[in-house]
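Let's take a walk through this one, starting with its charged pairs and moving on to its pockets and surface.

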Amino acid sequence: MRLDKLFEFFASLKLSVVLLTLAGVLVFWGTLAQVKLGLYQAQHEFFRSFLIYWSPAGSGLRLPIFPGGYTLGFLLLLNLLASQIKTFELSWKKFGLQLVHVGIMLLLVGQLATDLLSVESTMHIREGGSKNYSEMDRYAELVVIESLPGDRERVTAIPQSQLGDGKEFRPADLPFAIRVQRYFPNSRVGQRDATMSLPPAATQGVGAQAFVQPAPPETAMNRRDMPSAVVELAGSAGSLGTWLATYWLERPQTFTVEGRSFQISMRPRRLYKDYTIHLDSFRHEVYPGTKIPKDFSSMVRVINHRTGEERPVRIYMNNPLRYGGETYYQASFDQDDKGTVLQVVRNPSWLTPYFGCLIVGIGLGWQFLAHLVPYLKRKAVS
């Protein structure tokens with residue numbers, strides 16, 4: 001196929017219709033898939049992928065059967081760009097349509113940038129407390145924390161994506177290696193009793209009196225997976241036993257190696273800041289005679305020791321705090337009204353949709369006036 005034929009193919013209106021039809025099918029299919037897979041897994045498999053795969057029952061094969069959201073988005077962007085090049089003309093009458101196409105392309109690029117670059121997390125603070133980190137509830141990390149003099153800590157964190165059966169890690173700061181014997185993306189953990197045939201989950205700590213079993217992935221929006229891992233710690237003299245690190249435990253387990261104190265736990269992945277958010281007070285108002293929320297807001301102080309900055313900010317619905325390249329939204333609160341939950345969003349491309357919509361609006365207005373003004377002139381003459 002010659003280059004001119006290839007260009008004609010990508011610039012054709014028929015390709016636009018086919019891609020938009022496939023996009024409609026993808027949205028419908030992906031929406032139905034949320035019932036079984038849940039929102040986040042369906043987004044990952046259908047819309048944040050190049051291909052959708054199907055696995056035959058009882059087989060490990062993954063067969064591509066449909067284009068994913070990234071593939072359709074890229075082809076639509078290429079189609080719009082090719083059609084713009086093909087039909088480009090320095091004309092005031094077509095300038096509006098050209099702006100509309102540019103705005104739509106900007107929206108497509110902005111959505112891709114948001115998928116690749118944006119990070120969402122939460123920050124839970126009780127009144128009078130402070131936090132210098134947010135947490136990604138749906139992403140875990142295995143951490144080993146060493147207590148140092150002066151109330152300091154050295155944290156060794158292994159992301160959930162790197163965990164797996166048989167994986168081994170040898171951090172330079174630790175006097176032992178970490179060997180993952182079993183990893184459970186979702187699990188059920190409980191207390192063992194004398195009637196159980198299940199073996200202990202581990203030989204040390206809480207795991208010696210507990211059991212752990214794999215569980216299917218959670219699909220409900222108000223529930224999350226509870227990852228667990230059985231890890232063996234191996235020092236220079238041999239094995240130091242196995243430990244159960246799990247979301248089910250609220251507190252880390254402590255142990256000592258070569259006179260050094262450590263903690264081990266499985267926790268939500270933390271994103272540390274170079275500043276601190278302090279919650280002075282939380283306010284929750286309801287409509288009189290009901291329990292329907294009327295307003296809830298957080299009075300916080302942003303404390304940045306590096307710059308010497310300390311200023312009060314009120315965060316409430318539709319009035320977020322923007323600081324350090326992140327946006328803090330009022331998301332939820334504790335049942336006793338003594339704590340707040342802030343949604344923390346880092347999205348370097350957050351302005352792109354605004355510019356895209358603005359350009360599309362200007363283009364539509366221009367195109368409308370480009371036809372309306374000559375019509376009114378003809379009407380006045382006649």
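The side chains of Lys-86 and Glu-8 meet in a salt bridge, with 3.0 Å from N to O. This pair links distant parts of the chain: Lys-86 sits in helix H4 (residues 69-87) and Glu-8 in helix H1 (residues 3-11), 78 residues apart. A salt bridge here is a side-chain nitrogen of Lys or Arg within 4 Å of a carboxyl oxygen of Asp or Glu. Helices (H or I, at least four residues) and strands (E, at least two) are DSSP runs, numbered from the N terminus.

Lys-86 is partly exposed, at 44% relative accessible area, and Glu-8 is partly exposed too, at 39%. For these labels, buried means under 20% relative accessible area, exposed over 50%, and partly exposed in between (1.4 Å probe, protein chains only).

Some housekeeping: this is a predicted model, where local features need pLDDT of at least 70 and side-chain atom pairs count only at pLDDT 80 or more, while totals for chains, interfaces and linings use all residues. Residues are numbered from 1 along each chain as its sequence is written, and side-chain values use heavy atoms, with hydrogens and water left out.

How many salt bridges does a search of the whole structure find? The search turns up 22. One of them joins the side chains of Glu-141 and Arg-267, at 3.1 Å from N to O. Glu-141 belongs to strand E4 and Arg-267 to strand E13, 126 residues apart. Glu-141 is buried, with a relative accessible area of 6%, and Arg-267 is buried at 9%.

Asp-137 and Arg-224 also pair up through their side chains, at 3.9 Å from N to O. Asp-137 lies in strand E4 and Arg-224 in the loop between strand E9 (210-214) and strand E10 (228-235), so this bridge ties together parts that are 87 residues apart in sequence. Asp-137 is partly exposed at 30%, and so is Arg-224 at 33%. Elsewhere, Glu-168, Arg-170, Arg-179 and Glu-232 are linked in a network of salt bridges.

The largest pocket has a volume of about 1,600 Å³. Of the 44 residues lining it, Tyr-40, Gln-43, Arg-48, Arg-138 and Tyr-139 are the closest to its centre. Strand E4 gives the most to this lining, with 6 residues. By class, the lining has 17 nonpolar, 15 polar and 12 charged residues. (Ala, Val, Leu, Ile, Met, Phe, Trp, Tyr, Cys and Pro count as nonpolar, Asp, Glu, Lys and Arg as charged, and the others, Gly among them, as polar.) A pocket is an open set of points on a 1 Å grid over the protein atoms alone, where a 1.4 Å probe fits, with protein on both sides within 12 Å along at least five of seven lines; lining residues have an atom within 4 Å of a point.

The second largest pocket comes in at about 690 Å³. Its 27 lining residues include Glu-135, Glu-250, Arg-267, Pro-268 and Arg-270, which are the closest to its centre. Strand E13 gives the most here, with 7 residues.

## A nonpolar patch

Val-25, Trp-29, Trp-54, Leu-61, Leu-63 and Ile-65 form a nonpolar patch on the surface, with about 550 Å² of accessible area together. Helix H2 (13-37) and strand E2 (63-67) each give two or more residues to the patch. Nonpolar side chains (Val, Leu, Ile, Met, Phe, Trp, Tyr) are joined within 5 Å, using residues with over 30% relative accessible area and no salt bridge. Areas come from the Shrake-Rupley method with a 1.4 Å probe. Leu-63, in strand E2, is partly exposed at 35%.

Methods: Patches are made of residues with over 30% relative accessible area and no salt bridge: like charges are joined within 9 Å, nonpolar side chains (Val, Leu, Ile, Met, Phe, Trp, Tyr) within 5 Å. Grid points are joined across faces, edges and corners, and a volume is the space filled by probe spheres set on the points.
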